[in-house]
Amino acid sequence: MQTSAPDDHDDLREALRALCAEFPAEYHRRHGAEDSYPEEFITALTDAGWLAAMIPEEYGGSGLGLTEASIVMEEINRSGGNAGHCHGQMYNMGTLLRHGSDEQKRRYLPKIATGELRLQSMAVTEPTTGTDTTKLKTTAVKKGDRYVVNGQKVWISRIQHSDLMILLARTTPLSEVKRKSEGLSIFLVELDQAIGKGMDVKPIPNMVGHETNELFFDDLELPSETLIGEEGKGFRYILDGLNAERTLIAAECIGDGYWFIDKATAYAKEREVFGRPIGQNQGVQFPLARAYAGVEAANLMRFEACRRFDAMQHCGAQANMAKMLAAEASWEAANACLQTFGGFGFAEEYDVERKFRETRLYQVAPISTNLILSYIAEHILGMPRSF
Ligand SMILES: Cc1cc2nc3c(=O)[nH]c(=O)nc-3n(C[C@H](O)[C@H](O)[C@H](O)COP(=O)(O)OP(=O)(O)OC[C@H]3O[C@@H](n4cnc5c(N)ncnc54)[C@H](O)[C@@H]3O)c2cc1C
């Protein structure tokens, strides 16, 4: 299929396609049906160095940019897999790289590069405050050389397949800061030092087999050196990471979008009803043609977000727009694909229903479409704050 992607990453795509081809649709279908983690696939990606793409060479990674990292994510989804099982590592890495101390980077990055450690989890969302992140209630109170954490988080993914987690908590009470975004801090939590020692984990069964959890903190003690960057600046650091997260997820949606269009067009050319291929009917062609145009347009914004991120330029607008456009485009492609398959779209063996559920997530997480629209209205169009 012709796409608007820049063509200077052919080698990267070919290498990924070769690896992904070793894990065919049946593999992902089985893990989807069992709600189990595709451990062999993630290990193969780690061993080949793809999940260390953004780690600088001095720490044992490939020193690539967000552009290349996003192609890794895109190709996983385009092959029929789900990068949601490992994308955390890519964007959490950025937070450690850009804001971690030299000591933290030396200690963790080489082990993350080899796969000895995984940094797959980030704990931001809370049950009572949701998207209103600066009101979060989890506190980290400094006591001597430690911080003591109390509170609760929800929807925290991949804890069972991660060694490290980035935690956002309030270190200065909201009533004592000038701006609500101040007084929040981030910590790098070693999970084996936390689970059962002040942090409890409760899995949340869900629609997409995404490994995600509730977390409960009861006097969890974190050594002071787990603080990333300066105390009180954590919200700004997290926002930086969120731009990478949104762009990578846009790339996953693009991968999904192409997967749906490929799958649907192949089926439409082959399935015969009324003595001719269903794809000969414009009623079948047009939704797929429209979906393709949407995915292509979103793809351009995704590469613009990557370009700006890699050039260390502001990319909040582009990352948000790429995520919104790509999530909507992949959903439109998913819908058109399901419709093209008719009844067979509902059968597990065609993978359409699984990918349909998986791609729907991205209009809600990691940020919902309304919140992106509100960001554009306020920060780009200069309209009054709505909340
Ligand atoms: C499978 C899954 C995995 C996740 N993984 C993680 C993770 O690893 N780490 C993490 O920290 N979080 C994670 N999340 C949480 C995710 O980021 C949140 O679900 C998402 O940000 C939305 O927050 P919420 O669910 O609290 O919705 P709410 O904030 O309760 O919002 C509910 C709805 O109301 C709308 N809404 C709210 N306020 C406004 C407003 N002012 N104007 C217009 N509309 C509004 C929202 O757009 C949304 O549609 C995950 C979620 C899921 C489902």
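**Exercise 1. Find how much of residues 7-116 is helix and how much is strand, and how far apart the ends lie.**

*Solution.* Step 1: Look up the record. The UniProt annotation "domain: Acyl-CoA dehydrogenase/oxidase N-terminal" (unreviewed entry) covers residues 7-116. UniProt positions are given here in the numbering used for this structure, feature names are shortened, and annotations may be inferred rather than shown by experiment.

Step 1: Read off the secondary structure. The span is 64% helix and 0% strand. Helices (H or I, at least four residues) and strands (E, at least two) are DSSP runs, numbered from the N terminus.

Step 2: Take the ends. Their C-alpha atoms lie 33 Å apart.

Before going on, note that this is a predicted model, in which local features need pLDDT of at least 70, side-chain atom pairs count only at pLDDT 80 or more, and totals for chains, interfaces and linings use all residues. Residues are numbered from 1 along each chain as its sequence is written.

**Exercise 2. Work out the helix and strand content of residues 121-219.**

*Solution.* Step 1: UniProt places "domain: Acyl-CoA oxidase/dehydrogenase middle" (unreviewed entry) at these residues, 121-219.

Step 1: Here the chain is 0% helix and 47% strand. The end C-alpha atoms of residues 121-219 are 20 Å apart.

**Exercise 3. List the domains, then describe the side of domain 1 that touches domain 2.**

*Solution.* Step 1: The domain assignment gives domain 1 (10-114), domain 2 (121-233) and domain 3 (236-380). Such bounds come from an automatic or database domain assignment.

Step 1: Taken over C-alpha atoms, the centres of domain 1 and domain 2 are separated by 24 Å.

Step 2: The contact takes 12 residues from domain 1 and 14 residues from domain 2. Two residues are in contact if their C-beta atoms, placed from the backbone, lie within 7 Å.

Step 3: On the domain 1 side, α5 (87-99) and α6 (102-114) each supply at least two residues, and α5 gives the most, with five residues.

Step 4: Sorted by class, that side has three nonpolar, eight polar and one charged residues. Ala, Val, Leu, Ile, Met, Phe, Trp, Tyr, Cys and Pro count as nonpolar, Asp, Glu, Lys and Arg as charged, and the others, Gly among them, as polar.

**Exercise 4. Say which residues are closest to the ligand, and why the ligand shell lies between two domains.**

*Solution.* Step 1: The ligand is surrounded by 22 residues, and the closest are Val124, Gly130, Thr131, Trp155 and Ser368. A residue is near a molecule if its C-beta atom, placed from the backbone, lies within 6 Å of it.

Step 1: β1 (121-123), β3 (146-157) and α11 (369-380) each supply at least two residues of this shell.

Step 2: The shell divides into 12 nonpolar, 10 polar and no charged residues.

Step 3: Domain 2 and domain 3 both give residues to the shell, so it lies between them.

**Exercise 5. Sort the residues of helix α2 (residues 25-34) into a buried side and an exposed face.**

*Solution.* Step 1: The buried residues are His28, His31 and Gly32. A residue is buried if 20 or more other C-beta atoms lie within 10 Å of its own, exposed if 12 or fewer, and partly exposed in between, with C-beta atoms placed from the backbone.

Step 1: An α-helix has 3.6 residues a turn, so residues three or four places apart point the same way.

Step 2: The face turned away carries the exposed residues Glu26, Arg30, Ala33 and Glu34.

Step 3: What covers the buried residues of α2 includes α10 (352-360).

**Exercise 6. Find where the backbone has a positive phi or a cis peptide bond.**

*Solution.* Most residues other than glycine have a negative phi, and most peptide bonds are trans.

Step 1: Asp219, in strand β7 (residues 212-223), has a positive phi near 55°. Asp219 counts as exposed because it has 11 C-beta neighbours inside 10 Å.

Step 2: Asp351, in the loop between α9 (316-341) and α10, has a positive phi near 70°.

Step 3: The peptide bond from Ala365 to Pro366 is cis, with omega near 0°. Pro366 is found in the loop between α10 and α11.
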